[in-house]
Amino acid sequence: MAFTNYSSLQRAQLTFDYLHTNSTTHEFLFGALAELVDNARDADATRIDIFTEPREDLRGGFMLCFLDDGAGMDSNDAASVIQFGKSAKRTPESTQIGQYGNGLKSGSMRIGKDFILFTKKDNTMTCLFLSRTFHEEEGIDEVIVPLPSWNASTREPITDNMEKFATETELIFKYSPFKSEQDIMEQFRKIQGEKGNQSVALSVHMPLFCTLIPE
C-alpha cells in the first residue's frame with residue numbers, strides 16, 4: 001500500500017564536503033575552465049572575455065574572470081543554478097552542451113575555493129556566492145548560498161525580507177574581495193549591456209601554468 005504522507009521519512013542531504021567531492025570530477029583544470037565557457041555558449045553569448053585581475057590578498061594572487069554577453073539570469077533563474085542536478089537545458093530537442101545541472105558548481109569549485117557570479121536580465125541584477133571559505137570559517141555543514149538581487153535602474157534591493165537581504169550581502173562583504181555594495185555595483189557595470197554574466201573564481205587552487213599536471 002502506497003503512503004501518501006512521507007514527512008516522517010529520511011531525506012538525502014547535500015553536505016558542505018560535497019562541494020569538494022563534486023569538483024574532483026575534473027581531473028585537469030582545463031575541463032573545469034571549459035565548463036564555464038560552455039555555460040556562456042549555452043546562454044547564446046557572442047563574446048566571452050577571460051581575464052585575470054591581481055588580488056594579492058587572495059590565494060594565487062589573482063581573480064579569474066569570465067565575462068560574457070549571454071542571456072543572463074534573474075533571481076529565479078539563479079536560484080535554480082544552486083540546485084544540483086537540475087537543468088532547464090535537458091530536453092529532447094536541446095543542442096546545448098550542459099544538460100545535467102552540475103557543470104558550473106563542479107567547474108567553479110575545481111578552479112578556486114570560492115566563486116561569485118554577477119548576472120543581469122530583465123532589469124534585475126543578481127549576485128550568487130558559493131564559498132567554501134565561508135563554510136569552513138563558520139563551521140557550517142550544509143550548503144548555504146547568498147543570492148541577493150537589485151533593480152538595475154534604481155539599484156534598490158529586490159526583496160520582501162530585508163533582514164535576509166542584509167545577511168546575504170554581509171556574508172559577501174565578509175568572505176569575498178568585494179567589501180561594499182559599491183564594489184558589487186562596480187562588477188555589475190562591467191556587464192555593459194542589458195543582459196550578461198560575469199563569473200569570478202577566487203582563491204585559485206593552483207597556477208594555470210601547471211594545469212597539465214593533475215593535483
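In this predicted model, E136 is partly exposed, with a relative accessible area of 42%, and its side chain meets that of K113 in a salt bridge with an N to O distance of 2.7 Å. Because K113 lies in strand β3 and E136 in helix α5 (residues 132-138), the pair ties together parts that are 23 residues apart in sequence.

The structure holds seven salt bridges, and the table sets out some of them.

| Salt bridge | N to O distance |
|---|---|
| K113 and E136 | 2.7 Å |
| D77 and K121 | 2.9 Å |
| D49 and R47 | 3.0 Å |

D77 forms its salt bridge with K121, and since D77 lies in helix α3 (residues 75-81) while K121 lies in strand β3, this pair ties together parts that are 44 residues apart in sequence. D77 is partly exposed, at 25% relative accessible area, and K121 also counts as partly exposed, at 24%. In the salt bridge between D49 and R47, D49 is partly exposed with a relative accessible area of 26%, whereas R47 counts as exposed at 53%.

Helix α2 (residues 29-42) has 14 residues and reaches 20 Å from its first C-alpha to its last, close to the 20 Å expected at 1.5 Å a residue. Just after α2, D44 takes a positive phi of about 65 degrees.

Finally, a search of the whole structure finds one cavity of 30 Å³ or more, and the volume of the largest cavity is about 30 Å³. Its lining is made up of V81, I82, L104, K105, F115, L128 and L130, of which six are nonpolar, none is polar and one is charged. Helix α4 (103-111) and strand β4 (124-131) each supply at least two residues of this lining.

Methods:
Residues numbered from 1 in each chain as written. Predicted model: local features only at pLDDT ≥ 70, side-chain atom pairs only at ≥ 80, totals over all residues. Heavy atoms only, no water. 1 Å grid on protein atoms, 1.4 Å probe; cavity = no way out; pocket = protein on both sides within 12 Å on 5 of 7 lines; lining within 4 Å. Points joined across faces, edges and corners; volume = space filled by probe spheres on them. Helix = DSSP H or I, 4+ residues; strand = E, 2+ residues; numbered from the N terminus. Nonpolar A, V, L, I, M, F, W, Y, C, P; charged D, E, K, R; others polar. Expected span 1.5 Å × (residues − 1). Salt bridge = Lys/Arg side-chain N within 4 Å of Asp/Glu carboxyl O. Buried < 20%, exposed > 50% of the residue type's maximum accessible area, 1.4 Å probe, protein only.
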